[in-house]
Amino acid sequence: MIVTLLVTAFLVVPMLLSLMAGVTANYFQGIVRSGVTLQWVGEVWTLYADTILLSLQIAIATLAATLVIGVPAAYVLNRQPSRISRAIEEIVTLPLAIPGLAIALALLISYGSAGEFRKSWAFILVGHVLYTLPFMMRAVMAVLAAVDARTLEEGAASLGAGPLQRFCHVILPNVASGMLAGSLMVVTLSIGEFNLTWMLHTPLTKTLPVGLADSYASMRLEIASAYTLVFFVMIIPLLVGLQLFASLLGGATPPTSTQDRKGAPT
Amino acid sequence: MTKGIAISVVEVAKTFADGTRALRPVSVEIAAGEQLAILGPSGCGKTTLLRIIAGLERPDRGGIVRFEGRDVTSLPIERRNVGMVFQSYALFPNMTVIENVAYGLRVRGVARSERLAEAGRVLDMMRLGDLSRRRIDQLSGGQRQRVALARALAVKPGVLLLDEPLTALDAALRDELRAEIDSLLRSLRITTIYVTHDQAEAMVLGDRVIVMEKGGIAQTGAPREIYFKPANPFVAGFVGSMNRIEGEIRDGRLVCVAGELPVRRADERRAIVRFRPERARLVPAGESGLRLDVERVHFLGAAQRVYLRHPDSGLELIVDSDNRHCPAPGARVGLAVDPDDLIVL
Amino acid sequence: MAATRFSALLILPLVVVVTAFFILPMAELFARSFASRTGGVTYAEIIATPRYLASLGATLAVAALTTVITLVLSTLVGLLLARSRFPGRALLLAVLTFPLAFPGVVVGFLVILLAGRQGLLGEITKAATGEKLVFAYSMNGLLVGYLYFSIPRVLLTVIAAAEKLDPALEEAARSLGAGPWRVLADIVLPALAPALLASGALAFATAMGAIGTAFTLATNIDVLPMVIYTEFTLNANIAMAAALSIVLGLITWLVLAIARQASGATVAAAG
């Protein structure tokens with residue numbers, strides 16, 4: 001149908017344009033006349049290498065934090081379903097229902113004067129963790145439910161295993177797939193996060209998306225495109241990984257669920 | 001009520017896009033008002049045939065479907081005015097019971113009050129009146145089945161098509177609904193085509209039974225004919241239980257590993273003789289030419305199924321006997337069959 | 001019992017982090033949002049100031065328009081894609097969902113590439129009609145940007161829901177005489193309704209809170225997130241920024257909560 005073709009074109013063409021512009025020597029002359037070049041990518045690295053590295057650093061730290069905080073918490077919530085558990089789940093998910101702007105503002109008001117903390121990348125990390133934690137927890141809880149973790153635990157307990165042993169020997173190995181799916185999700189979201197990060201950053205703690213915003217405002221088109229190209233190169237393998245994972249699992253994970261879950265901040 | 005229509009199926013075959021040959025060319029003439037049962041194992045093509053008659057699939061080129069002499073082969077289902085009951089009932093979850101039943105009338109442009117009244121009438125006829133306002137998920141399996149039937153009947157179709165209507169129900173419910181559907185549809189005199197893999201169902205519900213195998217028709221006939229005079233080994237084995245003995249026929253006797261049995265046929269080096277379990281009798285070992293050991297007995301309440309085994313050859317036979325005397329497992333017994341009840345294909 | 005203490009220990013990090021970095025700050029945000037700089041109540045001032053109301057109205061409008069257009073387009077495309085099989089389908093689906101991970105700034109950039117001063121559409125229309133079509137830097141451009149990241153999200157949801165549809169239901173409707181459009185209206189859309197409702201609400205909430213796209217497209221765009229941003233960073237009007245944020249947060253939270261209730265209830269009734 002025509003509509004499908006138009007919509008597809010609408011979505012795909014700009015991506016292709018951007019990829020192309022990032023390697024075109026001169027966008028005004030077009031790629032055919034001016035040729036393909038990696039000079040812009042090189043310039044991007046010179047100008048923005050620190051943002052790329054910081055984004056990776058924060059993404060990995062966010063991942064570590066959500067694993068350490070989220071996996072045990074998911075286990076507890078799954079194990080003891082009650083009104084309190086549901087309330088906790090609701091609160092954890094709230095950062096998804098409220099604009100990142102508001103959360104960032106709240107953090108600035110509360111911690112804006114905490115000098116060192118406020119100026120460090122840990123400040124941004126906090127925002128990222130709040131935003132990605134629900135995804136990790138949901139992925140893990142979905143797997144816990146699917147493998148009927150409670151019954152597994154009862155089995156282990158009947159054989160004499162104590163709480164820590166059960167958690168380490170039975171629960172963790174069985175939620176590996178949930179942790180993997182959640183991890184892909186968290187890293188993808190963290191790399192692309194803008195709304196929170198924009199408000200929380202300082203000139204010394206710029207992430208990739210923040211750098212992109214800068215470059216769109218001040219740099220020539222080719223550099224901005226090359227920078228976007230770098231972003232694509234980082235994020236697309238993760239997205240592909242997510243989709244492959246989803247199809248392997250039968251779709252428990254990516255942001256297609258109809259609950260109040262937002263994808264990338266915008 | 002409506003009159004049933006006559007249906008002609010001429011050289012209808014179906015090969016699907018992935019290469020599966022679901023139906024070899026078959027031809028069937030169905031009389032107006034006839035109750036036809038199509039029986040066969042899964043994969044035999046019965047559902048494909050039903051869907052082609054319904055208009056959900058198109059036959060391969062050369063196949064023709066006629067309703068009352070009119071060629072409907074190229075008409076899609078929505079223009080054929082059929083009533084169809086699906087295996088999963090396919091009741092619309094976004095409508096109440098009465099809205100479901102009235103849907104066909106709504107599509108035909110009948111005014112709201114009129115169509116709800118008519119739907120109400122059909123529901124009352126099926127004694128489902130008090131379920132009118134219920135939602136589908138509040139119904140039991142048996143209730144859904146009857147609502148699906150009511151919905152199909154409400155549009156007064158010329159032919160009613162039922163795809164395994166009772167398969168999803170438990171045994172007791174099945175028996176009850178089988179009788180109910182049978183009497184209802186006979187009184188309405190609509191042409192009815194059932195598809196089922198349950199031969200008891202086929203034989204109760206059909207004036208005529210078509211047994212299908214691997215995309216083709218194995219036999220057509222009245223239930224008794226299919227049962228007592230199977231035309232080929234497949235029908236013999238598929239419909240009901242069947243005993244089978246191989247041996248040589250000499251001078252009016254079948255000679256086999258378990259002994260001898262009188263038979264009225266000409267001599268034959270290698271013959272296969274069949275008979276129904278209920279037509280065989282257990283007799284004391286000395287009184288019969290056939291002798292086997294009792295392996296086990298299944299007491300079924302109203303009947304008794306005795307499993308016999310010949311120790312040397314491994315030949316196994318079944319006898320349905322009356323339930324009064326229970327033969328002891330391990331005992332040696334004789335088996336007698338009236339020569340008229342022997343089937344040789 | 002050891003198990004309960006163990007559980008408490010396991011959930012402690014979560015409780016600490018969420019309380020310290022979410023609950024308390026949000027509470028403080030709320031508390032600080034009342035006393036305005038001029039001595040009155042900020043919320044009253046919001047209602048009295050046309051600029052704020054206009055920006056709220058504009059934000060609601062563009063979010064609503066985005067949602068409606070997205071729902072219509074995604075449903076049409078989603079139904080088609082769910083039912084067709086062709087080589088490269090998996091690839092197409094994968095590519096169509098990439099925009100989900102793009103921050104708003106990138107989407108803004110893509111809109112500029114498409115409809116900006118040197119945009120593709122500009123070149124095409126100039127060659128065709130002599131007039132260059134440039135709309136990236138206005139509300140239209142913003143709308144296009146919002147469509148860009150909303151359509152993939154709703155599309156995926158529609159495809160997932162469409163694949164769960166029981167084909168027997170459509171065949172049953174056809175057996176009762178319904179043509180393709182009737183089947184769509186009476187059977188397919190009602191079955192998709194919960195998914196459409198939920199993902200539509202999500203699209204609305206995302207559009208309401210979006211800032212990146214507006215930022216990149218800059219100048220004459222006055223959506224509420226941008227107003228909040230300027231109040232905070234340029235005017236240092238913390239209380240007003242806080243109040244506007246609370247208003248925005250309440251709206252998005254409410255929309256999502258209502259949609260969850262409604263689609264949850266519908267799902268139950270559909271059995």
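Start with the domains of chain B: domain 1 covers 7-91 + 139-238 and domain 2 covers 243-341, with bounds from an automatic or database domain assignment. Their C-alpha centres lie 36 Å apart. This is a predicted model, in which local features need pLDDT of at least 70, side-chain atom pairs count only at pLDDT 80 or more, and totals for chains, interfaces and linings use all residues. Residues are numbered from 1 along each chain as its sequence is written, while chains are lettered from A and ligands numbered from 1 in the order in which they are written.

Next, select D293(B), in strand β16 (residues 290-299) of chain B; strands (E, at least two residues) and helices (H or I, at least four) are DSSP runs numbered from the N terminus. D293(B) counts as partly exposed because it has 16 C-beta neighbours inside 10 Å (20 or more would be buried, 12 or fewer exposed, with C-beta atoms placed from the backbone). Leaving aside residues up to four places away in sequence, D293(B) touches L308(B), R309(B), P311(B), G330(B), A331(B) and R332(B) (C-beta atoms within 7 Å).

Move to chain C and select helices α5 (residues 104-115) and α7 (residues 139-163), whose axes come within 9 Å and cross at roughly 120° (lines fitted to C-alpha atoms over the stretch in contact, with angles from 0 to 180 degrees between N-to-C directions). Between them, V107(C), G108(C), L110(C), V111(C) and A115(C) of α5(C) meet G141(C), V144(C), G145(C), Y148(C) and F149(C) of α7(C).

Definitions and conventions:
Contact = placed C-beta atoms within 7 Å.
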